[in-house]
Amino acid sequence: MLEQDIERVLFTEEALRARVGELAQQINRDLAGKEPVLISVLRGSFIFMADLVRAIELPCRVDFMAVSSYGSGTTSSGQVKITKDLSESIEGRDVLVVEDILDSGNTLSYLLKLLQARRPASIRLCTLLDKPSRRTKPIQADYVGFQVEDLFVVGYGLDYAERYRNLPYIGILKPRVYEGE
Ligand code: PRP
């Protein structure tokens with residue numbers, strides 16, 4: 001079972017639900033009167049996106065983009081590739097990019113530049129987890145669920161080698177799982 005590979009739970013389902021609700025309230029206030037388009041950066045953010053959008057009370061649109069940067073290892077390669085682009089134009093729209101984790105900042109630095117060039121009215125970034133100690137690019141999120149230490153976190157959409165995304169909580173992976181890779 002997946003549980004056996006988890007050292008400890010970092011954020012329970014309840015903690016995640018509460019924090020996602022708070023983020024949505026902030027977004028409801030900040031974007032009042034607008035009709036934002038929420039862009040989920042696949043695949044890691046799909047569960048966060050699903051919960052966040054249901055707590056947002058504004059009229060909004062959703063769209064999806066997929067990028068790959070990590071391969072199956074534990075560190076970012078610095079290479080970003082768009083594997084699925086948006087379905088609709090964002091020109092003149094208020095964009096909220098929804099990410100599961102902001103780590104080195106490579107992915108978002110690339111992505112925000114690319115989205116900015118499409119002339120949206122505004123772009124905001126919402127990340128569930130932020131690992132500021134790992135940052136190599138000057139990227140800051142407008143909304144952060146939780147700041148985390150440099151730990152190997154999985155669950156609630158976050159994977160290790162494509163596993164663990166379906167855990168309902170966020171946990172720390174036992175080092176034996178990725179040691180010797
Ligand atoms: C994760 C995450 C971000 C990126 C953050 O995606 O969803 O997109 O890494 O890392 P960075 O700040 O160092 O660029 P990942 O490449 O693991 O793909 P996934 O979403 O499909 O799991």
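The sulfur of cysteine 60 lies 12 Å from the closest cysteine sulfur, in cysteine 126, so the two are too far apart for a bond. A disulfide is a covalent bond between the sulfur atoms of two cysteines. Here a disulfide is counted when a pair of cysteine sulfur atoms lies within 2.5 Å, and by this rule the count comes to zero. (Buried means under 20% relative accessible area, exposed over 50%, and partly exposed in between, with a 1.4 Å probe and protein chains only.)

A word on the model itself. It is predicted, so local features need pLDDT of at least 70 and side-chain atom pairs count only at pLDDT 80 or more, while totals for chains, interfaces and linings use all residues. Residues are numbered from 1 along each chain as its sequence is written, and side-chain values use heavy atoms, leaving out hydrogens and water.

Now let's visit the ligand. Around the ligand sit 16 residues, and the closest are Glu99, Asp100, Ser104, Gly105 and Thr107; a residue belongs here if one of its heavy atoms lies within 4 Å of the ligand. The table lists polar contacts, meaning pairs of N or O atoms within 3.5 Å.

| Residue | Atom in the residue | Distance to a ligand oxygen atom |
|---|---|---|
| Aspartate 100 | polar side-chain atom | 2.4 Å |
| Serine 104 | side-chain N or O atom | 2.5 Å |
| Asparagine 106 | backbone N or O atom | 3.5 Å |

Taken alone, the ligand exposes 500 Å², and the protein buries 95% of that; these areas come from the Shrake-Rupley method with a 1.4 Å probe.

Which elements supply at least two residues of the shell each? They are β5 (94-102) and α3 (106-116), and β5 gives the largest share, three residues. Helices (H or I, at least four residues) and strands (E, at least two) are DSSP runs, numbered from the N terminus. By class, the shell holds three nonpolar, seven polar and six charged residues. Ala, Val, Leu, Ile, Met, Phe, Trp, Tyr, Cys and Pro count as nonpolar, Asp, Glu, Lys and Arg as charged, and the others, Gly among them, as polar.

Our last stop is lysine 174, found in the loop between β9 (170-173) and α4 (175-178). Lysine 174 is partly exposed, with a relative accessible area of 26%. Leaving aside residues up to four places away in sequence, lysine 174 touches Gln4, Asp5, Ile6 and Glu7, where contact means heavy atoms within 4.5 Å.

Methods
Polar contact = N/O pair within 3.5 Å; in protein donor to acceptor, adjacent residues only side chain to side chain.
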